[in-house]
Amino acid sequence: MDLYSRTTVEHFMNPRLAGPLTGDCVAGEARSTDPDCPDHVRFEVRIEGDALVAVAQTTEGCVATVAAASVLAEAVSGGSVADARAWTVARLREAGAVILGKTNLSEWANFRSSRSMSGWSSIGG
């Protein structure tokens with residue numbers, strides 16, 4: 001494991017906020033389609049108002065994937081939805097991403113064609 005920092009190895013060996021939440025929560029999941037790297041990440045959050053009152057992650061995969069999920073869960077736990085978004089945007093910008101704006105599925109559909117139906121939303125609408 002000489003390829004990884006001590007912090008990365010620590011988060012891999014002892015992932016923070018691991019395991020599912022009980023009760024009502026919002027969940028997001030991602031699974032790799034690469035058979036050589038079958039990573040799977042599931043995040044669950046309980047939100048009250050703008051507060052992330054509980055955060056949990058369940059991750060299976062390589063060292064980098066498990067550690068990254070652990071770091072993210074720890075970073076946003078106890079914060080607000082706005083803080084979590086700001087943290088994510090800051091990390092993207094540090095990595096060289098250029099944020100041009102945000103959109104939802106309905107806006108993309110209408111961009112593609114003047115006959116598209118509105119009403120699709122990435123927030124469940």
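Biologist: How is the model numbered, and what cut-offs apply to it?

Modeller: Residues count from 1 along each chain as its sequence is written, and side-chain values use heavy atoms, with hydrogens and water left out. As this is a predicted model, local features need pLDDT of at least 70 and side-chain atom pairs count only at pLDDT 80 or more, while totals for chains, interfaces and linings use all residues.

Biologist: In what order do the elements run from the N terminus?

Modeller: Helices (H or I, at least four residues) and strands (E, at least two) are DSSP runs, numbered from the N terminus. The protein has 4 helices and 3 strands. Their order is α-β-β-β-α-α-α.

Biologist: Which helix has the lowest confidence?

Modeller: Confidence here is pLDDT, the predictor's own score for each residue, from 0 to 100. The mean for the protein is 82, and 79% of its residues reach 70 or more. Helix α1 (residues 6–13) is highest, at 95, and the lowest mean, 49, belongs to helix α4 (residues 105–112).

Biologist: Which elements are included in the cover over the buried residues of α2?

Modeller: Buried means under 20% relative accessible area, exposed over 50%, and partly exposed in between (1.4 Å probe, protein chains only). Among the buried residues of α2 are Val-63, Ala-69 and Val-76. Their cover includes α1, β2, β3 (51–60) and α3.

Biologist: Which element gives the most to the lining of the second largest pocket?

Modeller: On a 1 Å grid over the protein atoms alone, a cavity is a set of points where a 1.4 Å probe fits but cannot get out; a pocket is an open set with protein on both sides within 12 Å along at least five of seven lines, and lining residues have an atom within 4 Å of a point. The second largest pocket is lined by 17 residues, with Ala-27, Gly-28, Phe-43, Glu-44 and Val-45 nearest its centre. At least two lining residues come from each of β1 (26–31), β2 (40–48), α2 (63–76) and α3 (81–94). The one that gives the most, with 6 residues, is β2.

Biologist: Which residues does Val-26 contact, leaving aside neighbours within four places in sequence?

Modeller: Val-26 lies in strand β1, and it counts as partly exposed because its relative accessibility is 49%. Its C-alpha atom is separated by 5.3 Å from that of Val-45, 19 residues apart along the chain. Its contacts are Phe-43, Glu-44 and Val-45.

Biologist: What is the phi of Leu-17?

Modeller: Leu-17 is found in the loop between α1 and β1. Most residues other than glycine have a negative phi. Leu-17 is not a glycine, although its phi is positive, at about 55°.

Methods: Contact means heavy atoms within 4.5 Å.
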